[in-house]
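The following questions and answers consider how two chains meet and how a ligand is held.

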Amino acid sequence: MTWLPDHLGEVLSLTVRHTYLAGVPLILGLLIALPLGWLARRYRGLYPILIIGTGLLYTIPSLALFIMLPLLLGTKILDPANVVIAMTIYTIALLVRTVADGLGSVPDAVNQSATAMGYRRGRRFLSVELPLAVPVISAGLRVAAVSNVSIVSVATLIGVQQLGSLFTDGFNRAFMEPIIVGVVACVLLALVFDGVILGATRLATPWQRAGKAPS
Amino acid sequence: MIRFEAVSKHFPDGTKAVDGLTFRAPTGQITVLVGPSGCGKTTSLRMINRMIQPTSGRILIDGRDTSTMDETELRRGIGYVIQHAGLFPHRTIVANIATVPILLGWNKRKARARAFELLERVGLPASFAKRYPAQLSGGEQQRVGVARALAADPPVMLMDEPFSAVDPVVREQLQDEFLRLQGDLGKTIVFVTHDIDEAIKLGDQVAVLRTGGHLAQLADPAYLLAHPVDDFVADFVGKDRGYRALSFQASPHFALAQERTVPLGATPAQAAGAARGGWILVVDEGRRPLGWIEPDRLTGPIQPEMLARGGTVATVGGPLRNVLDAALSSPSRRGVVVDDQGVVLGTLRAHEVLAEIEDRARPELQDEAVPPAGGDRPDEESQQGEESQQGQSGRPNGGARRVDSAGSADSAQPSEESPA
Ligand SMILES: Nc1ncnc2c1ncn2[C@@H]1O[C@H](COP(=O)(O)OP(=O)(O)O)[C@@H](O)[C@H]1O
Ligand SMILES: [Mg+2]
């Protein structure tokens with residue numbers, strides 16, 4: 001175990017890059033999935049199109065997407081933006097359905113009484129529907145976070161550095177230690193993402209932890 | 001005042017939920033829409049705050065056509081209460097109650113202060129303020145629902161089966177408190193229920209709807225019980241309508257028989273000395289009735305568990321129904337009448353009540369084709385001022401208080417499962 005102490009700085013910087021490449025798309029994807037999920041609920045005709053359409057995006061192999069994006073967007077092949085955009089697409093693919101289902105989990109009586117009390121549509125979405133959809137959306141977000149951390153490592157193949165670089169490095173030199181360090185770092189990073197999402201969810205849903213009626 | 005003018009609602013699938021409905025809900029009064037499940041009650045109610053748009057016809061509030069008003073503004077001025085309350089699960093009780101004030105742009109402090117005031121008003125402790133709805137029982141949630149609807153002091157309230165989902169005992173409490181509250185507030189209320197007993201208890205006027213959204217009859221409760229307009233209404237108001245109509249007749253100043261009483265702990269000899277017709281009334285230290293006892297069967301001093309508690313107790317000046325029930329339910333056949341503090345005044349026998357009932361006139365049959373309480377008056381638009389007096393109905397005050405839990409005089413029959 002001499003490799004890690006010598007390469008600690010390198011591993012840390014790869015971890016930071018990995019966090020960025022997996023985390024930023026998670027936030028962007030969520031922000032885009034929210035209105036799409038809302039549309040899928042609001043207009044019943046759009047539901048199958050949006051759900052199936054975005055679901056299909058997830059089936060595009062990541063390597064193919066990394067290679068195709070520069071051609072489609074005119075970005076440089078080594079530009080990390082390609083990875084960010086690709087990961088955002090995967091996040092959207094996972095989250096549109098989650099958001100739609102989360103909004104669907106809001107009891108009808110609650111929506112009706114919000115409307116009856118004089119909420120306009122936009123405000124109702126932000127202050128009633130969205131907060132109540134948080135538990136469902138959060139569950140989907142946790143899946144997307146783990147998926148992102150894992151898929152990002154493929155970006156090494158198009159030359160974008162992150163923890164995945166340790167796998168190719170170790171593989172090329174038939175040397176196990178960087179590979180093990182890379183895997184452990186990825187798992188730890190996924191756990192950190194999960195913990196952050198769980199913590200944020202707890203903060204956003206104090207009502208979920210309140211006990212039931214005594215009677 | 002709310003006016004329906006030939007309002008119809010036909011859903012796209014062809015369902016005629018409401019058909020040519022015309023009636024008015026007078027200012028400061030409770031108008032109950034009652035009818036079997038699916039007869040268009042909810043649809044009618046929701047057309048008032050435009051949650052549902054009428055297919056044809058007009059709805060006016062104080063002379064203004066609601067279709068010309070901004071939807072959201074309209075709704076913020078109308079309190080709305082539904083079955084299961086529909087509270088926001090993610091908001092504390094104060095935040096729930098403060099919803100409309102906040103939407104109206106009140107500052108936070110004022111909205112909160114108002115919420116606390118209402119919490120008290122609906123009979124909930126201030127300690128509930130920070131709880132979430134899931135931490136309250138169904139009946140408590142329903143009270144919060146009423147408080148929330150009242151928060152911005154709207155002149156109009158719409159209530160859709162608000163008490164249907166709670167058990168009969170709690171329902172009766174909520175109904176009584178609702179009437180008390182309305183006595184103070186005098187809101188213009190449209191109240192929907194499928195339970196005719198509830199309709200008759202709460203309504204200043206009752207509109208009976210039949211399937212397809214037709215108005216079968218609109219009248220005040222006493223008139224409805226005395227003169228159902230057709231078989232449908234007669235069946236719907238129920239078989240014991242003669243008895244129930246007595247709820248609307250205040251009892252006169254009956255000459256009560258003096259009743260000797262004994263306290264708990266009295267010996268068999270003391271009880272036997274005071275007994276009349278084999279029974280003696282046992283009271284507490286404040287001379288409030290506890291129950292009847294037969295001294296002949298006593299083997300020792302009177303203990304609470306020896307009492308026959310079947311008899312109901314009527315308050316003086318209350319409805320004839322309660323006095324009659326007190327007499328009918330009493331083991332001694334003597335009905336106990338108490339004053340407002342619950343202190344025994346004396347007793348009365350069923351035949352005395354019946355003699356009084358036979359002397360009473362039933363509500364006159366109105367010969368107009370339109371029902372008395374809510375018929376169309378073409379000139380009413382110019383007379384709205386006249387409608388704005390507080391809606392105190394002729395309901396006699398005071399209900400029968402019970403000596404036991406089994407023999408309530410008021411109708412607390414569990415109603416069938418409410419429709420969704
Ligand atoms: N959105 C809708 N589309 C089609 N039919 C409806 C809709 N809402 C209600 N209905 C129908 O209209 C009728 C009246 O419904 P409703 O007003 O809810 O009755 P109630 O409240 O008296 O039980 C019922 O037959 C019901 O099935
Ligand atoms: Mg209904």
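Contact here means heavy atoms within 4.5 Å. This is a predicted model, in which local features need pLDDT of at least 70 and side-chain atom pairs count only at pLDDT 80 or more, while totals for chains, interfaces and linings use all residues. Residues are numbered from 1 along each chain as its sequence is written, chains are lettered from A and ligands numbered from 1 in the order in which they are written, and side-chain values use heavy atoms, with hydrogens and water left out.

Q: How many residues does chain B bring to the contact with chain A?
A: The contact draws on both chains, with 24 residues coming from chain A.

Q: What area is buried between chain B and chain A?
A: Buried area is the accessible area (1.4 Å probe) that two parts lose on being put together, summed over both. Carbon and sulfur atoms give 61% of the area between chain B and chain A, and the total is about 2,200 Å².

Q: Which residue of chain B meets Arg120(A) in a salt bridge?
A: A salt bridge is a side-chain nitrogen of Lys or Arg within 4 Å of a carboxyl oxygen of Asp or Glu, and the rule finds 2 across this interface. In one of them, at 3.5 Å from N to O, the side chain of Arg120(A) meets that of Glu73(B).

Q: Which residue has a side-chain N or O atom 2.7 Å from an oxygen atom of ligand 1?
A: A backbone N or O atom of Lys41(B) lies 2.8 Å from an oxygen atom of ligand 1. The side-chain atom at 2.7 Å belongs to Thr42(B).

Notes: Polar contact = N/O pair within 3.5 Å; in protein donor to acceptor, adjacent residues only side chain to side chain.
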